[in-house]
Amino acid sequence: MARIVLDNVTKRYPDGTEGVKDLSLQIEDGEFMILVGPSGCGKSTALRMIAGLEEISEGDLWIGDEIVNDLDPGERDIAMVFQSYALYPHMTVRDNMGFSLKLAKVPKEELTKRVEEAARILGLQDHLDRKPANLSGGQRQRVAMGRAIVRKPRAFLMDEPLSNLDAKLRVQTRAELARLQARLSTTTVYVTHDQTEAMTLGDRVAVMRAGELQQVGTPMELYHEPANLFVAGFIGSPAMNFLPAQADGDVVHLPMVDAPVDEQLRSRLEGVARLIVGIRPEHFQERGAPGTDGWPTFEAEIDLVESMGSETVAYFSVGGDEVHADLLEELSREVEGNERDGGDNRVTARLEPDSALRRRDTAKLVVDASKLVYFDADSGARIGVDTASAVATA
Amino acid sequence: MSAASTPRSTSGTITQAGAPSKVRARSRRRTMPAPVQRGLLWLSVAAIVVFCLFPIYWIVNTSLKSGAQLSSGALWPDDPTLRNYRSVLQDGDFLLALRNSAIVATTTTVLSILVGSFAAYALARLRFPRKTLLLGIVLSISTFPVIAIAAPLFKLWSDLGIYDARFGLGLIIPNLVFSLPLTIFILTSFFREIPRELEEAALVDGATRMQTFTKVVFPLAAPGLVTAALLVFFFAWNEFLFAITLTSTPEARTVPAAIAFFTGSVKFEAPIGTISAASVIVMVPLVVLVLVFQKRIVAGLTAGAVKG
Amino acid sequence: MTSTPIASATGPAAPDTPPRRTSRTSSYGRSERRLAAILLAPSMLLIALVAAYPIGYAVWLSLNEYSVRVPGLSRFAGTRNYEAAFSGGFWEALFNTLVFTVASVSLELVLGLAMALAMHSAFRGRGVLRATVLVPWATITAVTAITWRSIFEPGVGFAPQLLAKVGIGEDIVWLGERGYAMSVLILADVWKTAPFMALLLLAGLQVIPEDVYEAARVDGATVWQRFVRITLPLLVPAILVALIFRTLDALRIFDLPAVLTQGSNGTNVLSLLAYQELTQNRLIGLGAALSVLTFAVVMIVSFLYIRFVGGNIKSLAKD
């Protein structure tokens, strides 16, 4: 067990492009750190550099108290779970799990003991003598996990380990994974493109975009205090709504309503040429819902209602100029669920499950003005009382 | 992806009758009814079998004839005899040729696989500059006309004193020129199909590059190695031009050369029965190999032929 | 565990931070290159020594004259060997080679395609059929030649009588007359290599997804329409690859005519002519010149293929 430190680490390819740019990240001993971002953002490259599968062009990588840049993967005392699991097809489950110990010349009794212990933890006792081809997807995933834990490594590296499972099994395995990591308290770096996995699994989450770290923090910090439009749009499902806005003294004009602005924020908003306001879907309510007294109120024609049982999601348009920001356009290109169709400003609202709204109703809605998040459209950065959480902006 | 790994798609597309509904009725009117189609198909299958196997039958038939029957042109031997086989197996020169062929083909195969698998692994996996160019050069070697290499080697081998070397040893290195590109080509496409992540997993598990090769890549590439070995063995067993250019005596000659010189020097009419028997003898091991390993051989022949 | 507060923008404090080393190439990339060089060296050395060097040497040999009587005696001959080749059998051998190549490759393509389609459709007998078509491929070429020779040899083979009965080639010594000898040569080559063609094309047929045919059937396409509109276009890459393989092979044909006819009666091809001058007539210079010319012909045809269907070859070489 050890902490992992990336100190200004850069990956540059022979053609000069940079897969990871000047990444600095400190992963504490025992911490569960998630690297998340759309495909091609450099998260897997960063993980592979930690593993030693990818050469580090610049910067230092520390595992424990040593710089490991020049160590081969096998010498770094880390275990990796691959997206495809990478189980050796010609070996039994037992041999797969014991392969690293065998290479390390661990005595036979010790090897058997550790493999069987790992098998017990993962519920694989009955499958030890099977070949991977005869296992289900979930079992293969657990063998891959088992291969990592028998080694008692200093750190686990996981590259989208759940993405080959079907939706139901993924949720179940996610919970098992969280429990397992808590029990072993081994430093873990986990790569995913799925923001739900990031939010539910991570002690901290590092959001990456185009090879650069956007923000690192706890899931709640990312959710409530996103550093920029990219993080704001990437984290959360349904995604945050972005609307054009204009600061005007003690209010901000939104397309559908004026909202009061906190005194501390006013001065910061004044200098901003183009302002974007972000509103989480759950910060809308129907007028008259408990605890919404004094919230700004407006009317909107509902385009579509989705009743999920636990909540009701309503969609409507609010007109106004379309918001334009480079980060939002990038997000809509690269991340599912953030597609934009131009024209009207579409809004998603998450209402109470017992809402009686129907399509084409004119709904009376309110918005929690204290939860609005402000962004500078040109830089993409959030404008907030506390800007310390912004690690990098576009 | 190469055909080697392509699972068979579902069954016949051409003979199947249409799906239910109107489409079926319409296509029936336009095309032949299903039983006729099936009949035509079986007829063409029969034609293929006859076309492919009849000449083989003919040479076996000839080998069992003797004396006047040989010049009868009859489709079956009236009085089958093994006399031709007996006489060819008593022929010292033919036995020497069998020995030389076995030595040459086996050595060529072993060396090709040994040397070629290293090169193929590097080409399939390792990152280094000008890889495509190198693979292109290797491929283009295999299109060289053999005579363009055999002619200068004829002079060179004479000067070096390995012309007509015993056991056909002078043939092994020339054979490698063509068997190596074949090996490298087949194995490269097999190595590529082994997921890179498996090797990475082994590296992370603490294996050295060599251990990765011996413990993970090699066992998984075994089918590819068998395929390449078979094709190289066939090539070396069949090789003719080097064999007749670089050897001149029975001590050095391989089977194809020996068979050719049965006919080349002596007048053809005389030993046709014996030659046929010799032909059958050298054909049998290969036909057996084909029947046993047909899947592997087809995989090798078509490796790289159907890239998406 | 509690998460650390937000990481600062400055680099994290690594334990006892040593002086930063800025540029450093990892040993990983270099060791990989070194390993590649070690693994490739034996093959490349062998190929260079026994393929590239001899071809250069052949060019040198072709520019000299060698004494037939005194071994080792030679003198520079300039282009005299080439002149001898051009005024000798070269043009006829080139013509024969081209006739053989065009005829055999196109027949093999048609027959191979028909065989591939039959194999693809015959779902029950496919294993047997595949083993069957491999038999001609596995037959040693020298044996192939002897087999076909014995089939057409007057008095020995059945073919002359059989053909005479249906009125073809009565009183003809098949291997003894121009044209006829060539057609036996072509037939023997088609027998041996059409199955190979069929296997390549079958592999191509097998990667055409079934649902494309189902979609076409739903669209009302007949069997013939499906063949012309779907099978053939999707098979083009496989056909091109097979054509290239076979053409370059046919241009260097040697074994079959060498045993079947010894190059007589209009079947002398380039490789065989070079061989005869070299070993039978002991004209090393002329033999070398003819080998170089054969090499040139093959390279020109390769170049033309690469020029006109280059994309396919390139993708083949890539992966």
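Reply: A residue counts as buried when its relative accessible area is under 20%, as exposed when that area is over 50%, and as partly exposed in between (1.4 Å probe, protein chains only). By this rule, 55% of the 308 residues in chain B are buried. The model is predicted, so local features need pLDDT of at least 70 and side-chain atom pairs count only at pLDDT 80 or more, while totals for chains, interfaces and linings use all residues. Residues are numbered from 1 along each chain as its sequence is written, chains are lettered from A and ligands numbered from 1 in the order in which they are written, and side-chain values use heavy atoms, without hydrogens and water.

Chain B contains 13 helices and zero strands; helices (H or I, at least four residues) and strands (E, at least two) are DSSP runs numbered from the N terminus. Contact means heavy atoms within 4.5 Å. Of the contacts in chain B between residues at least 6 apart in sequence, 73% join residues at least 24 apart. The accessible surface of chain B, found by the Shrake-Rupley method with a 1.4 Å probe, is about 12,400 Å², and carbon and sulfur atoms account for 68% of that surface.

A salt bridge is a side-chain nitrogen of Lys or Arg within 4 Å of a carboxyl oxygen of Asp or Glu. Between chain C and chain B the count is zero. Within chain C, C:Phe196 lies in helix H7 (residues 180-206). C:Phe196 counts as buried because its relative accessibility is 13%. Leaving aside neighbours within four places in sequence, the contacts of C:Phe196 include B:Leu301 and C:Trp137.

Chain A also meets chain B, with 22 residues of chain A in contact with 16 of chain B. The area buried there is about 1,600 Å², 63% of it from carbon and sulfur atoms. A:Tyr88, A:His90 and A:Leu103 supply 31% of the area that chain A buries against chain B, more than any other three residues. Two salt bridges cross this interface. A:Arg48 forms a salt bridge with B:Glu200, with the closest N and O atoms 2.6 Å apart.

Terms used: Buried area = accessible area lost by both parts, 1.4 Å probe.
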